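Dear colleague,

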Amino acid sequence: MAVDPIDESVQKGVLTQRLMANHKWENINLQSISTKAADLCQGLVYNALGTYYGNVAAYRSPQPALGGILIPGKDVCAVAVFIWILSMTSEIRRICEVGLAIIRLDNAKKGQVQADVDVGEDVFMIKRKGVINKVVVCVVVLIPRMFIAIILLIYGAIYLANTLAVTDMILNACALEIVKDIDEYLFEAIMSHRVRELIEGTRFSYRSPKKETLRGQVEEIVPIMGRLIFVTVVFGIAWAGPLTNFETQVDDFNSWVCEHDLNFAWINHPVIGLPFFTSLDRNLRNISGPIDAEQLRCFYQAHSLMLETRSGFTGNPLSDATSGIENTTLASKFRGDHPDCSKTGGGGHNPTCPNVPVGFMINLASLAASDIYSSPDCADYDLHLQVLATTCGPDKYGSRIFVKSDGSVRSECSDFEEFSACPVTLTPPQSKCSPENYTSTMEKYKINYVWIPSQ
């Protein structure tokens, strides 16, 4: 994971993707009539960006901890950073104690090291070291080790503070702990058993003030207070610095991805090449009067219901229907196991069953709407209309498209002849043709253009 995973370039890249792709008309969710940007913010997009934003949303929302307490993501990171500070403080403390013990050793003559055997403890006790030997140990071993510990403390805290997911935090913490103990692993892996026993069985012996004296009490209390102050100051810097900065970056990222208007779609005008916009917000009415987005949503939810029924699902949680296509005959025909589906019409398929032979499907994919109208396969597909009527129903989605003027329900394609049987380019009078064009038809019946077939 990068030290700064949500920098300005990442945010600009995400904003560009949102505006140029996630609001594009061709990328809208036809089933819910929502933009990909809105679906992303609701957790309905399953790709790398969807996973990343899921981590962002989890970071910004309080997470359950022991006892049901909700903890924000920043506080979870703060706990990990605090534990890391304590771990590195222990490492720094060991380095300081070893350095202090070496300095307090009596000076040996000619730079030698003098050690005795403590029979009771069964260890070697180093009692004297030469001045040069002390300097070499401090410069070559202790000072570099202290420098490494401080670097690990700083960058480890930043590393943990900039973590989004809890799983990543656990992995990062384990990785840092391995890096901290790399010297121990090298020692265990390379040194012989005899050398390891010798080093592990060596102690420093030096004179220290008695605890009963004032100096002894001071040397006992001052280090404790110093370590408390050190931990407090370092954690305060981490809280005010990387933790707060990362929280701000996460909020900015969320603003760029999921704030402002999520419910508009755009498409470039074919002539001028500049965008035109439409609102998909079901709470807003478009200029033409009817709630276009809701009517489109109804149409494509019926589309989804047909697909899910054909797949064998008995429920459709993504639509208004609660138990799939409730009519068993309709459901059987869409699944293809109804006896009518084994019968074929003049065009090689039965128009009362939406399951067709493969050859017919290949031919259907290559035909335009005008070809269908002039072919022998042109028929009223009342089966599909019944599913539309079941899914949309009277008075739903701001339109009474399925209700006739006399109050009866339109349940067959022929019931729609009054506003869809006549091409808008023809001039009345013709048999049962209406003189209305698209605009007047939409205004009269409060319907979207999707319900008016082009002939």
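To begin with the strands, β7 and strand β8 (residues 275-279) pair in the antiparallel sense, with five bridges between them. Within this pairing, Phe-264 stands opposite Ser-279 in β8. Six residues lie between the two strands of this hairpin, and Gly-273 there takes a positive phi near 70°. Please keep in mind throughout that this is a predicted model.

Most residues other than glycine have a negative phi. His-260 counts as exposed, because its relative accessibility is 68%.

Two further pairings are parallel. Strand β3 (residues 106-107) is joined by two bridges to strand β5 (residues 123-129), and in that pairing Asp-106 stands opposite Arg-128 in β5. Strand β5 is also joined to strand β6 (residues 202-204), here through three bridges, with Phe-204 in β6 as the bridge partner of Ile-126.

As for the chain as a whole, 16 helices and eight strands are found in the protein chain, and buried residues make up 34% of its 455 residues. Of the contacts with a separation of 6 or more, 59% are between residues 24 or more positions apart. The protein chain exposes about 27000 Å², of which carbon and sulfur atoms supply 61%.

The largest nonpolar core has 38 residues, and Val-81 and Phe-253 are the ones with the most contacts inside it. Two or more residues each are given to this core by α3 (48-60), α4 (73-104), α5 (131-161), α6 (166-180) and α9, and the largest share, 10 residues, comes from α4. Leaving out residues up to four places away in sequence, Phe-253 touches Ile-6, Val-10, Gln-11, Val-14, Leu-49, Tyr-52, Tyr-53 and Val-56. There is also a second, separate core of eight residues, which includes Cys-298, Ala-302, Ala-389 and Phe-416.

Helix α4 also contains Trp-84, which counts as buried because its relative accessibility is 4%, under the 20% that marks the limit for buried residues. Setting aside neighbours within four places in sequence, Trp-84 is in contact with Leu-152, Leu-153, Gly-156, Ala-157, Leu-160, Leu-176, Glu-177 and Lys-180. One of these, Gly-156, is 72 residues from Trp-84 in sequence, while the two C-alpha atoms are 7.4 Å apart in space.

Turning to the cysteines, the structure holds one disulfide, which is formed by Cys-41 and Cys-258, with their sulfur atoms 1.7 Å apart. The torsion about the S-S bond of Cys-41 and Cys-258 is about -100°, and the disulfide is therefore left-handed. Because Cys-41 lies in helix α2 (residues 36-41) and Cys-258 in helix α9, the pair ties together parts that are 217 residues apart in sequence. Cys-41 counts as partly exposed, at 22% relative accessibility, whereas Cys-258 counts as buried, at 13%. Two other cysteines can be described in the same terms: Cys-96 is partly exposed, with a relative accessible area of 40%, and Cys-138 is buried, with a relative accessible area of 18%.

Finally, a word on confidence. The protein chain averages a pLDDT of 76, and 75% of the residues score at least 70.

With kind regards

Terms used: Residues are numbered from 1 along each chain as its sequence is written. This is a predicted model: local features need pLDDT of at least 70, side-chain atom pairs count only at pLDDT 80 or more; totals for chains, interfaces and linings use all residues. Side-chain values use heavy atoms; hydrogens and water are left out. Buried means under 20% relative accessible area, exposed over 50%, partly exposed in between (1.4 Å probe, protein chains only). A nonpolar core is a set of buried Ala, Val, Leu, Ile, Met, Phe, Trp, Tyr and Cys residues joined through side-chain atoms within 4.5 Å. Helices (H or I, at least four residues) and strands (E, at least two) are DSSP runs, numbered from the N terminus. Contact means heavy atoms within 4.5 Å. A disulfide is a pair of cysteine sulfur atoms within 2.5 Å. Two strands pair if DSSP finds at least two bridges between them. Accessible areas come from the Shrake-Rupley method with a 1.4 Å probe; for residues, only the protein chains shown count as cover. pLDDT is the predictor's confidence in each residue, from 0 to 100.
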